[in-house]
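Please look over the notes below with the model open beside them.

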Amino acid sequence: MDIFEKIGADIKAAMLARDKVRLEALRGIKKEFLEAKTAKGGDGTLSDDAAMKVLVKMVKQRKESARIYEEQNRPELAESELAEAAVIEEYLPKQLSEEELTAELKKIIEQVGATSAKEMGKVMGVASKSLAGRADGRLISAKVKELLA
């Protein structure tokens with residue numbers, strides 16, 4: 001069962017459980033997946049890699065919206081966005097801890113042969129691909145800067 005089929009099955013389960021937050025988040029995922037499948041230039045399929053990118057983008061959007069709602073003193077809306085983000089995160093691979101991320105980045109830096117901050121671009125290119133979905137891009141960037149400094 002691929003991730004698209006799993007989302008469909010989970011939508012049915014959320015309907016039966018009358019779980020509104022979960023249902024709303026899952027319907028949002030399905031909508032984004034359908035749009036990605038039918039996007040111009042696409043072949044009508046959605047690889048797991050592309051699905052992960054969509055999910056990461058959705059989580060990032062929800063968290064950013066929640067932050068804005070917090071700033072505008074709208075905690076009920078922020079809570080709703082964070083609840084949806086939590087549901088979406090269930091479909092992403094387990095996020096790396098800070099120690100695991102540091103270890104992975106040290107391996108990548110060694111593999112690429114980077115020795116100074118000038119070579120950050122090389123490291124980021126490899127790191128972004130190999131750690132996609134398992135760590136936030138900003139966190140990766142900050143760690144790479146720290147390790148190359």
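1. Glu32 is buried, its relative accessible area being 19% (buried is under 20%, exposed over 50% and partly exposed in between, with a 1.4 Å probe and protein chains only). Its side chain meets that of Lys31 in a salt bridge at 3.3 Å, N to O, the rule being a side-chain nitrogen of Lys or Arg within 4 Å of a carboxyl oxygen of Asp or Glu. Lys31, at 42% relative accessibility, is partly exposed, and Lys31, Glu32 and Glu35 are linked in a network of salt bridges.

2. The model is predicted: local features need pLDDT of at least 70 and side-chain atom pairs count only at pLDDT 80 or more, while totals for chains, interfaces and linings use all residues. Residues are numbered from 1 along each chain as its sequence is written, and side-chain values use heavy atoms, with hydrogens and water left out.

3. A salt bridge also joins the side chains of Glu84 and Arg62 (3.0 Å, N to O). Glu84 lies in helix α4 (residues 75–89) and Arg62 in helix α3, so the pair ties together parts 22 residues apart in sequence; helices are DSSP runs (H or I, at least four residues), numbered from the N terminus. Glu84 is buried at 12% relative accessibility, and Arg62 is buried at 13%.

4. Within helix α7, Lys143 and Glu146 lie three residues apart, about one turn of the helix, and they form a salt bridge whose closest N and O atoms are 3.4 Å apart. Lys143 is buried at 8% relative accessibility, whereas Glu146 is exposed at 52%.

Methods. Helices (H or I, at least four residues) and strands (E, at least two) are DSSP runs, numbered from the N terminus.
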